[in-house]
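Dear colleague,

I am handing over the model we spoke about, and my notes on its metal and ligand sites follow it. Please read them with the coordinates open.

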Amino acid sequence: MIDFDALIAKYQKLGVSKNDLPTKDMIKTEDDIIAIKKAAFINNAVLDEVAKKIKVGMSTEEINTIVHNKTIEMGGIPAPLNYEGFPKSVCTSINDMVCHGIPCKADILKDGDIINVDCTTIVDNHYADASRMFMIGNVSKEMQRLVKVAKESLDLAVKNLKPFSRLRDIGYTIEKYVKSQGFSVVHEIGGHGVGNDFHEDPFVFHYGKKGTGMVLFPGMVITIEPMVNEGSRHVFLDASNNWTIYTDDGGWSAQWEYTIWIKEDGVEIIAY
Ligand code: MF3
Ligand code: CO
Ligand code: CO
């Protein structure tokens, strides 16, 4: 375990402002980590199950059923269900849906679609949150590249992540890479602290200035979940359900999400 108070004192002496230092409640205990890993074990298996079964002609309602049943069968609780009124057990976001797509019978996967499936599992009151992209049938070369670039941007951010990194380095790395590939990064939605609750501080920006933002202490658990757009980065909220976010210009969007544990000697991807 880190000596939290000593580290805070050290960084304050170095001139880092309190706003850029974690609060003690952001540091997970060993017991927290054990429970988060149990949740992640189920979450990973649920996403593997989706990967095995997803196919052309399947409705997003059927994906919801797979996620819900597998999660319960393994002893977890699907966190999205009834979360702030969300009506389903998983988010399914197709093509120009950026995130928070709501599974339904009417949304049928077609040849060439891309879909994000975002699962969060609760075990022993602890949370693990991850999402993956799935490509349905024959996806165009350019949309294959969109999905790949989104994943690479996340992997690059994780590769550069170290204990005591600055938070905004994550977004700096992501946006720089994504722009270099001719795509854009959504700004309005970010990653987050996770583990003892679904969404905790800090907000994890997917853009920003290198060397700024919170100092990431060992014991913190966060998600990184960049949403990468084919066209403009701008998005809008579907007023009919107050959940689903779409790209403004109708271009397609891809997202991957990991739950990541910052440790004293490196970082560990817990849920993927
Ligand atoms: N899983 C999403 C995230 O990555 C949050 C979904 S909230 C829900 O943070 F209610 F839509 F499930
Ligand atoms: Co998620
Ligand atoms: Co998340």
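Asp129 bridges the cobalt ion (ligand 2) and the cobalt ion (ligand 3), which lie 3.3 Å apart. Please bear in mind that this is a predicted model, in which local features need pLDDT of at least 70 and side-chain atom pairs count only at pLDDT 80 or more, while totals for chains, interfaces and linings use all residues. Residues are numbered from 1 along each chain as its sequence is written, chains are lettered from A and ligands numbered from 1 in the order in which they are written, and side-chain values use heavy atoms, with hydrogens and water left out.

For the cobalt ion (ligand 2), the protein donors (N, O and S atoms within 2.8 Å of the metal, or 3.2 Å for Na, K and Ca; water is not among the atoms, so sites may look incomplete) are Asp118 (OD), Asp118 (OD), Asp129 (OD) and Glu257 (OE), at 2.0 to 2.4 Å. Along the chain these donors follow the spacing D-x10-D-x127-E.

Turning to ligand 1, Asp129, His192, His199, Glu225 and Glu257 come nearest of the 14 residues around it (a heavy atom within 4 Å). An oxygen atom of ligand 1 is 2.8 Å from an N or O atom in the side chain of Glu225, and a polar side-chain atom of Asp129 lies 3.1 Å from an oxygen atom of the ligand. Taken alone, ligand 1 exposes 340 Å², of which the protein buries 97% (Shrake-Rupley method, 1.4 Å probe).

Methods
A polar contact is a pair of N or O atoms within 3.5 Å; within protein, one must be able to donate a hydrogen and the other to accept it, and residues adjacent in sequence count only if both atoms are side-chain atoms.
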